[in-house]
Amino acid sequence: MSLKEIFCQDKPMSILQRAFAANKLAHAYIFAGPEGVGKFKTAREWAKMLLCKSPVGKKTEKKRSPLSGDEQRATSDDIFADSCGSCQSCRLLEAGSHPDFNPVYKELRQFTKDGKDKKPPLDLPIDVIREFFIEQVSKKPTLSEKKVFVVSEAEKLNASSQNCLLKVLEEPPEYCSIILLCTRLERLLPTTKSRCQTIRFSTLDEERIIEKLKEMGLEDVPAQYFARLAGGSLGRACRWADLELAGANLYRAKKDLINSLAGYEYAEALDRAQQLLDESKKIAAAWAKLDKATSKSDINRRTQKTLIQIIISALHDAMKLNITTGHGLVNFDQKEQIESIAGRFDPEQSAEKIADTYETMRWIDSNVNEKLIFEQLLLNLAVSDKIVVSI
Amino acid sequence: MKVNFNRAALAEALGLLTSVVPSRTPKPILRCVQITAGEKDVRICATDLDVGINYLVSEVTVDKPGEVIVPADRLAAIVRESVDEVLLLQAEDGACKIQGADSHFTIYGHEPGQYPVVPGFEGKADIEIGLQDLQAGIEQCLFATAKESTRYALNGILWEIKDKRLLLVATDGRRLARTRVNLAAAPDEQAAAVKIIVPAKTMALLDKIGSSDKDIVAVKLGDNRILISCANVVISSNLVEGNFPQYEDIIPTDYDKKLTLSTEVVLSAVRRSALLTSEESRGIRLSIGKKTLVFSCRAPETGDAQIEMPVDYKGEPIEIGFNPQFFIDVLRVIQTAEFELELGQTDRPGLIKSGKDFLYVLMPINLG
């Protein structure tokens, strides 16, 4: 893998490349953008290039020629710096044993001094930041001339962790490059944000995702469905595809779910909630087998969120169908069911239901009992205009 | 790779190497050691990315050069438990086969080439020191380093070459220890200006190497790392970034209240007077009058303690408070039977001197 292979992120890439060519790299960046659009990949490949012993296309020291500004920018755009992929630094980075590349993620907790028996945390704890970030910053690089720190899931940094980072973010040693990966910029303190330069990552083309999913071995219809559901996040789509290929039957579960959403009685809601919960547990179990690095509780939450995402997509489609012709539906493969949902909720109601459903999504992160969440969710969507459940 | 090892020599090597292998690390390859066989010699490397050891193993016969990366604890356990005099190590497809007279082990390792490089010692040394002198110096300083300070520079020991001697300085902001170590040979001019901060962990490792009288340590100073070679071991360590405080400024030179005290007697007195300290009142008071020195401590809810000792003192009487732990720490490492205590005013630091080379500055505490 190299920087060149990163697609659909031309803008962030050109910002980085230009800063690099002009030798004006910021000491700390925030890569902001949705999950699974290549933030970590970019950060890693960028680090690889920074640490590389003989980077390709590195701008040689030239005297400033009396060119006009535009032309000069054009020349610096032409030079695309990339790692060589064959030096010792690149090889070690690929093998995950580069001494100067420091990924920081919350699962590192178990490797901290007294973290051995602690449960995998839900936020990024201060111990991890102290031991794997701040302490490491003060040590000079060993193999390369730089040291790169990449903090994954920076939105999970709690206030104390962020405050603890401020000093380092403010003025890291010369050789330090820091990248925070963040899906929710509003979770970062203003003091953190003001110390970093933010680069926004956008969502990816649907076509590229479909192509990739098909390469992985998915059939046309599920591939298109997952690509649309992912909403431009290749990472998410790939994870679902992995699950599907591993036999988790996510696609079938989705079909059942949409089928039942199309019309069930109020009295059935609780049973359906139980079914949904069972399904979610099955999927989470399959997921946990695939992804051993992530904590179980995190996987459970992600599975539940996926299922809720599916429900939201159906409501969204229903809303779309009521207003437009229904082109580009996520659930294009189950149009009948969507039509029946659309028949029950007018666009305004759908919007309300979507808001409510997003609210339940938020509950997942606040440790609400999962069964209650599903029950509430399905009671709210059942065929009944007599009883109104308020949230 | 195919190499015959003398088991005892290999066990000794692994004993030292496993001390740097981290017990918990997110990078599994660091739990391994790298064994590289050249045409004639075999080197084993271990690192936790901060400190690395490159060990030249003695008593080996190389049949086929090569490289293998194997889990350190497994290999060490096999070598420790084996009874043979000679062990044959063979590398095959990323696995390592170990053969004794009646035993045969296969351990799976990592792909060669993925292990972080642990440098060996090449070229001329910048400075040379007797190992025992250096270890004595380390012992006198190491305790005063800060344990987890955000002022990174305090988490290490400063190496400074002055007047053809090596100065080791450590401080945590409340106390400062400085000692001087004689160099075995005059340093070359480039090295003479060097000022570096070596992490406390590396210094502690140096202190652990078994030494004989005549061992000489060769040191190479780089921008980012220090290489220390002693006999067949090369320790490499990265350095701490940051500016060490201007310590010369805080060593008082104008004190007139001087006492010479017995190390052992004072250690006992400080220990006893500290018995009744509590969370709220941690200090002990030193009251120096004509001919007596009184150590006392008073904690409102526990009680009070008083230990008296006769001294030969002619100056102004003075009372000063100290943290007893910081006092005990230094008395433990003083090698001489007597030391000098110099004081200025109640609110100025105490100065402890032992011999010509050791000096300790201790901040007073306000006893209210």
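**A buried serine and its surroundings**

Guide: In this predicted model, A:Ser233 is found in the loop between α9 and α10 of chain A. Is A:Ser233 buried or exposed? The relative accessible area of A:Ser233 is 1%, and a residue counts as buried under 20%, so A:Ser233 is buried. Not counting residues up to four places away in sequence, A:Ser233 touches A:Glu35, A:Gly36, A:Val37 and A:Ile209. The side chain of A:Ser233 also reaches the backbone nitrogen of A:Arg236, at 3.2 Å.

Helix α11 itself runs over residues 250–261 and has 12 residues. From first C-alpha to last, α11 of chain A reaches 16 Å, close to the 16 Å expected at 1.5 Å a residue. Its buried residues are A:Leu250, A:Tyr251, A:Ala253, A:Lys254, A:Leu257, A:Ile258, A:Ser260 and A:Leu261. Among the buried residues of α11 of chain A are A:Leu250, A:Lys254 and A:Ile258.

Chain A is divided into domain 1 (3–200) and domain 2 (246–382). Taken over C-alpha atoms, the centres of these two domains of chain A are 36 Å apart. Six residues of domain 1 of chain A are in contact with eight residues of domain 2 of chain A, and the area buried between the two domains is about 490 Å². Carbon and sulfur atoms give 42% of that area. On the side of domain 1 of chain A, A:Glu107, A:Pro120 and A:Leu122 supply 67% of the area buried against domain 2 of chain A, more than any other three residues. There are three salt bridges across this interface of domain 1 and domain 2 of chain A. A:Glu153 forms a salt bridge with A:Arg302, where the closest N and O atoms are 3.9 Å apart. One residue pair is counted in polar contact between the two domains of chain A.

The last step is to the partner chain. Here 21 residues of chain B are in contact with 27 residues of chain A. Between these chains about 2,100 Å² is buried, of which carbon and sulfur atoms give 55%. In chain B, the residues that lose the most area to chain A are B:Arg24, B:Tyr152 and B:Glu241, together 28% of what that side buries. Two salt bridges are found across the interface of chain B and chain A. B:Arg24 also forms a salt bridge with A:Glu131, the closest N and O atoms being 3.4 Å apart. The count of residue pairs in polar contact between chain B and chain A is 10.

Notes: Residues are numbered from 1 along each chain as its sequence is written. Chains are lettered from A and ligands numbered from 1 in the order in which they are written. This is a predicted model: local features need pLDDT of at least 70, side-chain atom pairs count only at pLDDT 80 or more; totals for chains, interfaces and linings use all residues. Side-chain values use heavy atoms; hydrogens and water are left out. Helices (H or I, at least four residues) and strands (E, at least two) are DSSP runs, numbered from the N terminus. The expected span of a helix is 1.5 Å times one less than its number of residues. Buried means under 20% relative accessible area, exposed over 50%, partly exposed in between (1.4 Å probe, protein chains only). A polar contact is a pair of N or O atoms within 3.5 Å; within protein, one must be able to donate a hydrogen and the other to accept it, and residues adjacent in sequence count only if both atoms are side-chain atoms. Contact means heavy atoms within 4.5 Å. Domain bounds come from an automatic or database domain assignment. Buried area is the accessible area (1.4 Å probe) that two parts lose on being put together, summed over both. A salt bridge is a side-chain nitrogen of Lys or Arg within 4 Å of a carboxyl oxygen of Asp or Glu.
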